[in-house]
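Please examine the model shown below.

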Amino acid sequence: MKKLKHKLILKILILGSLLLISQQVLAQTWRPVRGGITFGISGMSLLSQQSSSLDFLIVHDNKQKNQGRLAIISIKDKKQLDYLPIDWPSNTELPIDLEALTSIPGKTGSRFIALSSAGKAYAFQLEPIKKTISVIKVFELPNIPPGSNFEAFTLQNIEGKLVAVWAHRGEDKQPATIYWGLFDLAKYQIIPAGSAQLIVPFPSSNVRHISDLKLDTAGILYVTAASDTGDDGPFQSAVYVAGYMGLRSNRIVWRQNSQLFPLQRFNYHKIEAIELIPGADGGVVVGTDDENLGGYIYILGDDVL
């Protein structure tokens, strides 16, 4: 009789553990976007936010003519997301290897800038109803050092100034380089103001120290880092607060976090996109470029919707 009780108790404990694990897995749901190497997410920007839905514009880092560059994804009521490809206009240059995407703060009419790894930027306007874009301006980042590989670009209004931040990704012992400057929206021109190097503690090998970044309205800079061992992984990623950016006498001041630690770390996914969602129901959303495994979206805490 005692043996039966012990077995019953053991089964209950095992069942309880499995239920707890299942709840933890469900609480950390990765939503698949599309499978395959051409559907990785290399940059993302919030389009609209409602009580039960989020819409994002995303970019793919594709290089061939018959591969997509842009898409809209919609997450509704914790259900499987919808994916809608957006064609690049045929009368303009087709970008190669788009790695970052930012909205233009203060601009109505859904205006964005996408950045390629070589430092070429594409300013465009999205027509959400027609699901088309029109390219406004193509320009380059200022003073591009030889060998640069850019994976991050963002714009933010800081104390009345439009600040641009971008980053060379770095690799292993080579640090990432964060650049910043003031953005002249009339000329689509960046006036460079400074740079700093950054190395993350995790991942520790095959690491790109910055795979994306976003700056919030308080001047806090969030970055993602990722390891890439090949098209089939394995991958690791992390999210960090890299530091603070503000203005002093109209001069951009950068205060780097001297004790970096992951706000959250991830196994099995290569995060290459991050977006900040404002408000009480907001949070941090990340997107992955998992190469042959495709792209995924994850909402930190998974309680935004």
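Twelve nonpolar, nine polar and five charged residues make up the lining of the largest pocket, where Ala, Val, Leu, Ile, Met, Phe, Trp, Tyr, Cys and Pro count as nonpolar, Asp, Glu, Lys and Arg as charged, and the others, Gly among them, as polar. The volume of this largest pocket is about 560 Å³. Of its 26 lining residues, Ser103, Gln156, Glu275, Leu276 and Pro278 are the closest to the centre. Strands S2 (43-50), S6 (98-103), S7 (111-116), S10, S14, S19 and S20 are the elements that each give two or more residues to that lining.

Rolling a probe the size of a water molecule over the atoms shows where empty space is left. On a 1 Å grid over the protein atoms alone, a pocket is an open set of points where a 1.4 Å probe fits, with protein on both sides within 12 Å along at least five of seven lines, and lining residues have an atom within 4 Å of a point. Grid points are joined across faces, edges and corners, and a volume is the space filled by probe spheres set on the points.

The model is predicted: local features need pLDDT of at least 70 and side-chain atom pairs count only at pLDDT 80 or more, while totals for chains, interfaces and linings use all residues. Residues are numbered from 1 along each chain as its sequence is written, and side-chain values use heavy atoms, with hydrogens and water left out.

The second largest pocket holds about 270 Å³ of space. Its lining comprises one nonpolar, four polar and eleven charged residues. Of the 16 residues that line the second largest pocket, Asp61, Lys63, Asp97, Asp289 and Glu291 are the closest to its centre.

One of these, aspartate 97, has a phi near 65 degrees, a positive value in a residue other than glycine. Aspartate 97 is placed in the loop between strand S5 (82-86) and S6, and counts as buried because its relative accessibility is 10%; buried means under 20% relative accessible area, exposed over 50%, and partly exposed in between (1.4 Å probe, protein chains only).

The closest N and O atoms of its salt bridge with lysine 270 are 2.9 Å apart, a salt bridge being a side-chain nitrogen of Lys or Arg within 4 Å of a carboxyl oxygen of Asp or Glu. Because glutamate 291 lies in the loop between strand S20 (283-288) and strand S21 (295-299), and lysine 270 in the loop between strand S18 (264-267) and S19, the pair ties together parts that are 21 residues apart in sequence. Both glutamate 291 and lysine 270 are buried.

Lysine 270 also forms a salt bridge with glutamate 272, at 2.7 Å between the closest N and O atoms. With a relative accessibility of 1%, glutamate 272 counts as buried. A salt bridge of 3.1 Å, N to O, joins the side chains of glutamate 272 and arginine 208. Glutamate 272 belongs to strand S19 (residues 271-277) and arginine 208 to strand S14 (residues 207-215), so this pair ties together parts that are 64 residues apart in sequence. Which residues are linked in a network of salt bridges? They are Glu151, Arg169, Arg208, Asp228, Lys270, Glu272 and Glu291. The structure holds nine salt bridges.

Histidine 209 is also placed in strand S14, and at 1% relative accessibility counts as buried. Its side chain reaches the backbone oxygen of aspartate 172 at 2.5 Å, a polar contact being a pair of N or O atoms within 3.5 Å; within protein, one must be able to donate a hydrogen and the other to accept it, and residues adjacent in sequence count only if both atoms are side-chain atoms. Leaving aside neighbours within four places in sequence, histidine 209 is in contact (heavy atoms within 4.5 Å) with residues including Arg169, Asp172, Leu198 and Thr224.

Most residues other than glycine have a negative phi, and most peptide bonds are trans. A cis peptide bond joins phenylalanine 202 and proline 203, with omega about -5 degrees; another joins glycine 233 and proline 234, with omega about 5 degrees. Proline 203 is found in the loop between strand S13 (189-198) and S14.

The chain has one helix and 21 strands, where helices (H or I, at least four residues) and strands (E, at least two) are DSSP runs, numbered from the N terminus.
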